[in-house]
Amino acid sequence: MPLARSLSVTSLSGLEEWDEEFDLEDAVLFEIALEVANKVGGIYTVIQTKARLTSEEWGENYFLVGPYVESNVRTQVELIEPTNPVLKRTIDKMNSSGCKVYFGRWLIEGSPYVILIDVAFTAWSLDTWKSELWEFCDIGVPWFDREANDAVLFGFLTSWFLGEYAAQCEEPPHIVAHFHEWLAGLGLVLCRQRQLPVATIFTTHATLLGRYLCAGNVDFYNNLAEFNVDKERAAAHCAHVFTTVSQITAIEAEHLLKRKPDIITPNGLNVKKFSAVHEFQNLHAQSKNRIQEFVRGHFYGHLDFNLDKCLFLFIAGRYEFSNKGADLFLEALARLNYLLRVNHSDVTVIAFFIMPARTNNFNVETLKGQAVRKQLWDTAQTVKERFGKKLYESLFSLPDVAKMLDKEDFTIMKRAIFATQRQSQPPICTHNMLEDNSDPILSCVRRIGLFNSSADRVKSSCHPPPSTSNGLRGLVRGCHLGVFPSYYEPWGYTPAECTVMGIPSISTNLSGFGCFMEEHIADPSAYGIYILDRRFRGVDESCNQLTSFLFQFCKQSRRQRIIQRNRTERLSDLLDWRYLGRYYISARHMALAKAFPDTYIYEPHEPTSTSGFRYPRPASVPPSPALSRHSSPHHSEAEDNDEDERYDEDLEAEKDRVNIRQPYSVPFKNKISSVQGANLNSDSVATDKN
């Protein structure tokens, strides 16, 4: 099915300006999800990064509702007393009725208010609420499914809370309740069943059936019309406004949930620009040096390749072997290894697999490798100090450099070199795998034979995700290319984060991010966004295309990669919540108008002449060897020192910027945030003048 353009498609200039001003001082917004201050997956990132913009729009009338998890609250939430008198009465009433409801500020950008409900405290009501759910809504829930049980408890508690809040209001309230994903969607169904005065929005980030079917090797997208599912449709059909995060998920929802989304709400990020234009390049170099240090230790004894000609690739995400495209990536790496060997390439590729497999600790070989690297470093420092002292003492006359290193120095260095001898191959995993015999990645590595041998030009290393987000961010910054050939990816935050950091990436036309970029960029590959076709090609064809992308990337010179990273980072404005947040604004206004038609008016107009925001082909020199012309960079490294063809990033950026029409940013129309809206408008005007 072709991806047709409509109002719900993410056309950055396709939405109209508001004809009516929405005064939000008399309205209150509750955003409800099980990932509020509780990191489980990508929804946490959506809510966390969007909170600042939503807080600016709604001010003191914005509240996030989530589950109370004590370990998370200790580190992320400051518990305080509610300042809103209606909210205080509501929480007190629920606590006196046998619930545990907490109030505080989430310690993230924007410092939004959070209402946290202790789900376990009301577990005694589970059987009663399940019976009520079946009796009034015809929705059955498995008895021993903990995730489903938590969804039932959370749904009933949130609908109870919203009903209590509405009852405590002295005047008829204008409440907007935005529910994220099916785990929170039960509360929406109950709000409509109980006829609460609440404008409801439901956002699906992925359908549960779609995720499981794709993981089961089903030809999902070519058979969408044949699948039938009833239980996931309730929240989508009960909501005043139904949204999803991408056009590819909208097609899925239309077939599975039998409702076309009213608006597509693509996921954004809070983009921070550096004061120095090239600072992100410096951060890339620093992070790359740290990765090189790891490689020296991990591959000790087999470090027969040049680290300066080494490219670092990575794939990260849930450990869904086929959904995330790890199977396709490994097969493409095997083919790339063959191409690099037969072409006698001096480039070495190291692929990092950052996925949460079941491990228990670092393995001995990994720890030994880092110890050997540390020993080599200490030896070098010792010899350097001895050499420096002798050099200083002999500077009163012209020193004989040949005598600066004595026999003892050579003995120390030889001992360190002999310690790097190794009989076994470098390990694939840095940790002990609990189920290494059945692990999908390791099984595939055994099948394709990528064992990190000296003859291989492609090597691999598997890691569990770093314990902190900064650790993963550092790895991403230091790599040259992110590879995400997903078969099922409703959006794809990791390639979006790569783009903001100026790291090229490969995604697919079955991912929301890939479709979004393909729609808004005339030539994505010129900007370092490679779109793999997994929708209209077979697996073998897609694998050949991915191999071609990787091989062409390996043929780029260092200068070409720098140009491409600069272009990739230039796309970061396209993913900023300052632009993409307007779709959530539109969804909330639409919900208010549907629920309270006497107070709010919303009349969308189909775009007629607007064709959407679209980045043109770069006006500057193309970075890809396959597209090189006379004026483009050569393939040799000598160009870095060529004064006649010096690369001027400011000049190249200005060439591209002239052709880039900045997207329109919707101003806020309520009294609370008129100042922020004015600032946004002035910023966008100033950008247009550039």
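1. Let's start with helix 9, which spans residues 247-256 of this predicted model. Helix 9 is mostly covered, with nine of its 10 residues buried. Among the buried ones you will find Gln-247, Ile-248, Glu-252, His-255 and Leu-256.

2. In what order do its six strands run? The order is 14-11-10-15-16-17, and the pairing is parallel. Strand 14 (458-463) and strand 17 (529-532) stand at the edges with a single partner strand each, so one side of each has no neighbour in the sheet. On average, neighbouring strands here are turned by 25 degrees against each other, direction ignored.

3. Now zoom in on one pair of strands. Six bridges link strand 11 (residues 348-354) with strand 14 in the parallel sense. One to find for yourself joins Val-349 to its bridge partner in strand 14, Val-458.

4. What packs on this sheet? Helix 18 (residues 539-554) does, touching strand 10 (310-316), strand 11, strand 15 (481-483), strand 16 (505-508) and strand 17. The direction of helix 18 makes about 160 degrees with that of strand 17.

5. Finally, visit the loop between strand 17 and helix 18, where Asp-533 is found. Is Asp-533 buried or exposed? Asp-533 counts as buried because its relative accessibility is 17%, and the cut-off for buried is under 20%. Leaving aside residues up to four places away in sequence, Asp-533 touches Asn-509, Ser-542 and Gln-545.

Technical notes. Residues are numbered from 1 along each chain as its sequence is written. This is a predicted model: local features need pLDDT of at least 70, side-chain atom pairs count only at pLDDT 80 or more; totals for chains, interfaces and linings use all residues. Side-chain values use heavy atoms; hydrogens and water are left out. Buried means under 20% relative accessible area, exposed over 50%, partly exposed in between (1.4 Å probe, protein chains only). Helices (H or I, at least four residues) and strands (E, at least two) are DSSP runs, numbered from the N terminus. Two strands pair if DSSP finds at least two bridges between them. Axes are lines fitted to C-alpha atoms, for helices over the stretch in contact, and angles run from 0 to 180 degrees between N-to-C directions. Contact means heavy atoms within 4.5 Å.
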